[in-house]
Amino acid sequence: MKESSASFRSLEKDFIFNFKAGQQSCILTAPLRIPMKGSMSDLHGRFMLLHNLPCFVENDLKNALDQFIEEETNKSYDQQAETALDKFINCDMGVEQLTDAWAKAYHETTLEHARPEEPSWDEDFADVYHELIHSPASETLLNLEHNYFVRVSELISERDMELKKLQERQSVEMDKVMQELGNSLTDQDVNLVAAEHFKSQQVLENKWANELKQLMAIQKQEYQEWVIKLHQDMQNPNNSSVSEEIKVKQSKSNVPNERVFEEQSLLEESFTIHLGAQLKTMHNLRLVRADILDFCKHKQNHRSGVKLQRLQ
């Protein structure tokens, strides 16, 4: 069941506890909110501590609290239920309308009658990608991602270069304006030139931002379609061309003594340890001094674009 949004109205009731301390009769009176929110054990402990009650009344106080809270809670629920039934009986709605409203509320608050969640495209694609990235097609996926990365990097470099040229040209223009300030130009002219420079820079940045956004959207759509098609082809046992193509690419990329670019030398050491006196166990360990994020990068080579890394 889902948690109901309706909450019972709380009432304040006086709790009265009678006990004897020797020949003296004592009465403890304390207001309580019914239904009580919180722990009854904590309330019992606070009563004992704040009112300095003797230890021999501890169990009697606990039993009295339990009985009082249970009785008053049931009375409060019964009273509010009767009030709700009176409103239900005396309302202007017909029996059929009331039945439909009750059935609708029951279906909306009961989990077993809830509508099943529709499958999401993102979740389906994530499952397909997870299956392919742990298959022989992983290197093919990484190569395609690397090609997309190179194209985006080239576009970003072009953007930075054009923005740099614009800033240099505007800097030269502003220097000339500042030299003429006070002679043929005023502060208002300087502000106009600065506003024009800012507008030109914003137009250029928006242009490149739109191109980047469009390129990445096209790449995303192409990549998703290609991944789905590759997964469907690999699921077809009669289609051997895909698996053969992947095997050929892997055999080409596993050439020994292959030159690796952008790979920094790592400080590492391997050794073997033996544990145990009678039944010895042997462990081979390898210590590597490197940045942990380096293992998340794609190592590039001149043949396949991306080389998978062995973490162990």
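How many bridges join strand β1 to β2, and which way do the two strands run? Eleven bridges link β1 (residues 11–21) with β2, and the pair is antiparallel. Keep in mind that this is a predicted model. Here's a quick tour, from the whole chain down to a few local spots.

**The whole chain**
- The chain has seven helices and six strands.
- Reading along the sequence, you get β-β-α-α-α-α-α-α-α-β-β-β-β.
- Of the 312 residues, 22% count as buried.
- If you take the contacts in the chain with a separation of 6 or more, 55% of them come from residues 24 or more positions apart.

**The β1–β2 hairpin**
- β1 and β2 make a hairpin with two residues between them.
- Gly22 sits in that turn and has a positive phi of about 75°.
- For one example of the pairing, look at Lys13, whose bridge partner in β2 is Leu32.
- As background, side chains in a regular strand alternate between the two faces of the sheet.

- Lys37 is in the loop between β2 (24–34) and α1 (40–50).
- Is Lys37 buried or exposed? Its relative accessible area is 82%, so Lys37 counts as exposed, the cut-off being over 50%.
- Ser10 lies 27 residues away from Lys37 along the chain, yet their C-alpha atoms are separated by 9.7 Å.

**Helix α2**
- α2 covers residues 58–89, which makes 32 residues.
- From its first C-alpha to its last, α2 reaches 46 Å, close to the 46 Å expected at 1.5 Å a residue.
- Its buried residues are Leu61, Leu65, Phe68, Ile69, Glu72, Thr73, Ser76 and Gln80.

**Where α4 meets α5**
- The axes of α4 (residues 121–133) and α5 (residues 138–179) come within 7 Å and cross at roughly 115°.
- On the α4 side, the contact is made by Tyr129, Leu132 and Ile133.
- On the α5 side, Ser138, Leu141, Leu142 and Glu145 take part.
- Sorted by class, this contact has five nonpolar residues, one polar and one charged.

Technical notes:
Residues numbered from 1 in each chain as written. Predicted model: local features only at pLDDT ≥ 70, side-chain atom pairs only at ≥ 80, totals over all residues. Heavy atoms only, no water. Helix = DSSP H or I, 4+ residues; strand = E, 2+ residues; numbered from the N terminus. Buried < 20%, exposed > 50% of the residue type's maximum accessible area, 1.4 Å probe, protein only. Pairing = 2+ DSSP bridges. Axes fitted to C-alpha atoms, helices over the stretch in contact; angles between N-to-C directions. Contact = heavy atoms within 4.5 Å. Nonpolar A, V, L, I, M, F, W, Y, C, P; charged D, E, K, R; others polar. Expected span 1.5 Å × (residues − 1).
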